[in-house]
Amino acid sequence: MGMWHDLLVPLQYDYMVRAVVVSGLIGVVCGFLSAFVTLKGWSLLGDALSHAVVPGVALAGLLGWPLAAGAFLTGVLATGAMALIKVKSRLREDAVMGIVFTTFFAAGLLIISLTPGGVDRKTIIFGNILAIADRELLQVVVIAVVTLVVLGCKWRDLMLFCFDATQARTLGLPVVVLHGLLLVLMSATVVAALQAVGAVLVVAMLVTPGAAAHLLTDRFGRMMWVAAGLGGGCALVGAYASYFFDGATGGCIVTLQALVFGVVFLWAPRHGWLAERRRARGRSGSGKAQEVRL
Amino acid sequence: MTTATTLDNPPHGHPDHVCWGGGAANHTQHRLDVRGLTVSYREVRALEGVDFSTECGRCVALIGPNGAGKSTLLKSLVGILTPEAGTILWRGAALTSAHRELAYLPQRGEVDWQFPITVRGLVEMGRYPNLGWWRSFQKHDREIVDRALAAMQLEDLADRQISALSGGQQQRTFLARALAQEAHVLLLDEPFTGLDQPAEEALRRLLRDLAAEGRLIIASHHDLETVPLIFDEVLLLRRRTIGFGTVQDAFTPEAIAATYGTPALAQP
């Protein structure tokens, strides 16, 4: 009785309930999108984007704009800069990303440190879902709903784009539009997730659920749902648990995601480490009785 | 072998799109004409003034050394690369962008085999352009996918993830997708690479069957010995057209030597 009572304490506080629900929503959206991000090989791009939005958030805070607008602007700018440098130079993509996102992040830090009255540095870098303002909350909900609707309608096209952009093009799908759409959804989601876990940990929300889901299923449709469920569940439970650890919502959510990923990596029924090992042993045990394939 | 003839006559299909192959009265409707095709990657010219002309019902081999422009030609035909000059005429009309009647089958190395998709899911991709805004499958689409799977003898493997297939099965899965797309022209990039002997023979028969049904097969190929077994026509390519014609006429030791530079290189 006493333990249950203790466990339910966070629900007595409105700000906790709100934080838990919003975190869960953000987790679902990020998880959904992570299915595409991981399969497209854009994990690093997600990291870059999450850092590139920082100066936008700082500027928007200074000018009194919605944070999402500022974040979106610099996110798009950074993506454009990366594309430009990549096309106009002989540098590899990872070097270009490394340069661009640190530049943007540095600019953001500079803006924040030079303007003491602006957005709180901790909020941007580590997130602060417990103190999320109504206006920010509304932005998060709008971003989440729009992203879910777009993904719900266009997931097949985006899946084909992630699997085989060449084929998408030969089938007459607008590949450039799909590319842009996925980037826009990613930027918007990064902005939403920033509030929950902060710029440094956003990439975990956009990668870990999808990576875990990829190890759990061989069907893309199922992978999307599993990723959304994992993302949402971890965010919900992590935010709730953060009450007992006093703060660090982002740390709780992402640590929980990492734990789930670790379990999946080891024990996933078909693509887990142990399953692969069992299979390898079975194969060598039964001599050369390999599957007959034609 | 279950042939895919019925695919050309789906219940709600387009009767005017049927390929009749060699001997048909309206040849011009089923011709692929390439004239003066020139393609460059930035400063590097990959193809220069390539000419050839063929028609449905044929199997055409693209022969040439590495870097001769075989993949470039295939990708230009299917609209992935934009030519610098020249025209591609399909059934008398210039191709300016992707066309659903031309399907491209990638080299096996270019595919992400770990992608969470089954054989059926991959074949269904061929229907995406037909699905309308909501991308929902109708009975008609499912029937076409079923027929494509049956024609490639993949029914029993339909629920397998694509990495759990042999090389031959993987090729057949992509062929089935092209059939689901209702393509007339199949452009294959090194389809025989990495296949074992039985799988190679099976694919050979399959391509012959597809051509006999009236499809046009164009495949880059590096095994010179098997060219006469599979193909009707050869396009010898080395940035330019070195030769084009029936295997009997154009696939001569002299032409091969000219394509590969030295006679020694002509033997794979």
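Student: What makes strand 9 and strand 10 of chain B a pair?

Tutor: Strands pair if DSSP finds at least two bridges between them. Strand 9 and strand 10 of chain B are joined by six bridges, in the antiparallel sense, so they meet that rule. Leu236(B), for instance, has Gly243(B) in strand 10 of chain B as its bridge partner. This is a predicted model, where local features need pLDDT of at least 70 and side-chain atom pairs count only at pLDDT 80 or more, while totals for chains, interfaces and linings use all residues. Residues are numbered from 1 along each chain as its sequence is written, and chains are lettered from A and ligands numbered from 1 in the order in which they are written.

Student: What decides that something is a strand or a helix?

Tutor: Both are DSSP runs, numbered from the N terminus: a helix is H or I over at least four residues, a strand is E over at least two. Strand 9 and strand 10 of chain B form a hairpin with one residue between them, and Arg239(B) takes a positive phi near 70° there.

Student: Why are strand 6 and strand 10 of chain B said to stand at the edges?

Tutor: Let's begin with the whole sheet. Six strands of chain B form an open sheet in the order 6-7-8-3-9-10, with mixed pairing. Strand 6 (102-105) and strand 10 (240-246) each have a single partner strand, so one side of each has no neighbour in the sheet. On average, neighbouring strands here are turned by 15° against each other, direction ignored.

Student: In which sense do strand 3 and strand 8 of chain B pair?

Tutor: Strand 3 (59-63) and strand 8 (216-220) of chain B run parallel and share four bridges. Cys59(B) stands opposite Ile217(B) in strand 8 of chain B.

Student: What makes helix 1 of chain B a helix that packs on this sheet?

Tutor: Its contacts do, and two residues are in contact if their C-beta atoms, placed from the backbone, lie within 7 Å. Helix 1 (70-77) of chain B touches strand 3, strand 6, strand 7 (185-188), strand 8 and strand 9 (233-238) of chain B, and its direction makes about 145° with that of strand 8. Such angles run from 0 to 180 degrees between N-to-C directions, with axes fitted to C-alpha atoms, for helices over the stretch in contact. Helix 8 (253-260) of chain B lies across strand 3, strand 9 and strand 10 of chain B, at about 155° to strand 10.

Student: Which strands of chain B form the antiparallel sheet?

Tutor: Four strands of chain B do, in the order 2-1-4-5, and that sheet is open too. Strand 2 (44-55) and strand 5 (93-94) are its edge strands, each pairing on one side only. Strand 4 (85-90) and strand 5 of chain B are joined by two bridges, and Trp90(B) stands opposite Ala93(B) in strand 5. Helix 1 of chain B also lies across strand 1 (31-41), strand 2 and strand 4 of chain B, at about 65° to strand 2.

Student: How do you know whether Leu154(B) is buried or exposed?

Tutor: We count other C-beta atoms, placed from the backbone, within 10 Å of its own: 20 or more means buried, 12 or fewer exposed, and in between partly exposed. Leu154(B) has 21, so it is buried. Leu154(B) is found in the loop between helix 3 (139-151) and helix 4 (167-180) of chain B. Its contacts beyond four places in sequence include Val119(B) and Arg172(B); the C-alpha atoms of Leu154(B) and Arg172(B) are 7.8 Å apart.

Student: Which elements give chain A two or more residues in its contact with chain B?

Tutor: In total, 21 residues of chain A are in contact with 27 residues of chain B. Helix 8 (134-163), helix 9 (165-170) and helix 12 (220-245) of chain A each give two or more residues to that side. Helix 8 of chain A has the largest share, five residues.
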